[in-house]
Amino acid sequence: MTTTDTTGMTGTTDAREHADPLVIAGREFGSRLIMGTGGAPSMRVLAEALAASGTELTTVAMRRVDPAARGSVLDVLRRLDIDVLPNTAGCFTAGEAVLTAKLAREALGTDWVKLEVIADEHTLLPDPIELVDAAEQLVDAGFTVLPYTNDDPVLARRLEQLGCAAVMPLGSPIGSGLGIRNPHNIELIVEQAQVPVILDAGLGTASDAALAMELGCDAVLLATAVTRAQSPAAMAAAMRHAVRAGRLARLAGRIPKRRHAQASSPWEGIGTS
Amino acid sequence: MSATARDPRRPPAWDVLIIGAGVIGLATAWRVASRGLSVTVVDPDPAGGACRVAAGMLTPVSELAYGEEPLLRLGIASRDRYASFVAELEEAAGHETGYRRDGLLQVAFDSDDLAFLDDLRRFQESLGVPVEALTGRECRRLEPMLAPSVRGGLLAPEDGSVDPRRLTGALLVACQNAGVRLVERRADALIVERDTATGVRLDDGAELRAGKVLLAAGAWSNDLKGLPDGVVPEVRPVKGQVVRLRARAPFLGRATRGLVRGSSIYLVPRADGEIVVGATQEEMGFDTTVTAGGLWQLLRDARELLPGVTELEFAEVSAGLRPGSPDNAPVLGASALPGLFLATGHFRNGVLLAPVTADAMAEMLVDGTVPEVAAPFTPDRFEPFEVEARA
């Protein structure tokens, strides 16, 4: 991690990034930004945004796409060589979610699933009871389950204990762009988790993504912040850099906060006497 | 007449052959035939497909999206041609089309949706498009059946609507009167000779030859056999479910669109009492199944907008396939294959864009020039996208 090379800052950064893959259930990803596809105004804009984001894994709502259809979102992902993470968006019961996951496995040949079980259309918040029920069934059926969950440390722990491959707490409600409303809970989830923590939902702009990574999340999943931005490809690039910046800051170790100023050229360290 | 390579022993039977008798194919056929060219149109189900399901909103202003400014210009150009297009058509066909220009009211129900409309209005105004911001009370004065919870809205006074079924009905008659021949068969394959499109082979094996071939097959535009790779941009079917209700008493004065918790619903009234409620937008391939969820979503959102809809007669529910191009905009003009022209990929705007498309395609097919309004929409714009996507 440390380097004696004081001239090649860029090289040092790249080397650190390349040696720092995201690992979920044994699979490695170079990018810590997972994208969603909802809300894009056109396939062309979506393709440009995904390319600009540098993502290697992108989630697709299986209820809203026919896997066999030509020119679909899945075609775009195939062309860009991005892996598909099917999700169960639009399901309100464990039964529907399990069925949707199984149909996705058949259609796409992947046993990975981003599990979403929504309580109501007004908040789109996860229904924790149905979520745990569905996660249990899917883990038992051999799926690699990535559950979209409330930012509740206890629920996150229970999901991990029953065999989920990651936990995906929300920052704030889906599509709200309100950012991370309870950073303290996210920190608690990160502290206890033995599986990757992926901040999912609610991010609005680049600083939100950087904050998620600074809090110790292993990755960020977002869609609306990019797809509904005025210029989706530019926002995707911003998110890509923000995730990297936040990750590097986390690894670098931030300074403690102080109440009063401290001169940056004091009596110790480089540049004195 | 044409400089394209052609076997002199077998002169083409027609000047122009059009694949697809939807609103785009028929409008273009009528315009081209009116210029004195011989035209034949091939379609197993004339005036079927997407235009039989479409609501017929002529509302480019409210459909504005970031990054789609050229499409707004094209939409406004077409909307502004509608009055004269329809007047000529009704004269030629002796049929009315249900055209009206009484504005589009767009309303919001909560502060989030109101903020969205505010942002949209600022964007519209920055492009010099006039819209009127209304309070909730003003919205309800225009449309008393609106739910009391309406918070505010925008009125695009120049927008309007047309009945696509009457429109295509009139176009069929006008085409017939102009000497257009209609062949009710499916075009199976494009005939290409010496690297030039020279006609089509029909599903019964018969061949039709023409000096120029225009592909206007909507969502089916990529399905023609014999198309060389890359000549037609990807056009995918985007399913839309649409409900038709019937009112016995005046219910709604003008096309009205609502944002209900972020999702968009619209109702389009007709003079005969029909009220069209649309539309879902689903990426389901060539599937036209009507689903319980689609119907429920439309009626649920319509009821939030106008509680009285539950008292209306339920007349019909249907699903159609919009032809979605990669950038949502139509593909208009000569393809890379000599002899083959394209007018497809109109997505949600086929009915709106029919007049400008027909005029532009007529100019390209008859005079060989590209009108300025169509220049941003020629097929060659997709090449960079394809290259980037492969990299």
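I take two strands as paired if DSSP finds at least two bridges between them. Strands (E, at least two residues) and helices (H or I, at least four) are DSSP runs, numbered from the N terminus.

Before looking further, I note that this is a predicted model, in which local features need pLDDT of at least 70, side-chain atom pairs count only at pLDDT 80 or more, and totals for chains, interfaces and linings use all residues. Residues are numbered from 1 along each chain as its sequence is written, and chains are lettered from A and ligands numbered from 1 in the order in which they are written.

Entry: the sheet. I looked up an open sheet of eight strands in chain B, with mixed pairing and the order β5-β6-β4-β13-β14-β15-β12-β16. Strands β5 (132–135) and β16 (313–324) of chain B each have a single partner strand, so one side of each lacks a neighbour in the sheet. Within the sheet, I find that β14 (residues 263–269) and β15 (residues 274–278) of chain B run antiparallel and are joined by four bridges. B:Y266 stands opposite B:G278 in β15(B).

Entry: B:R140. I find B:R140 in helix α5 (residues 136–142) of chain B. B:R140 has 17 other C-beta atoms within 10 Å, so I list B:R140 as partly exposed (buried means 20 or more such atoms, exposed 12 or fewer, partly exposed in between, with C-beta atoms placed from the backbone). Leaving out residues up to four places away in sequence, B:R140 touches B:L146 and B:V150; contact means C-beta atoms, placed from the backbone, within 7 Å. The C-alpha atoms of B:R140 and B:V150 are separated by 7.9 Å.

Entry: the chain contact. I note 20 residues from chain B and 20 residues from chain A. Helix α9 (residues 383–390) of chain B gives the most to the chain B side, with four residues.

Methods: Contact = placed C-beta atoms within 7 Å.
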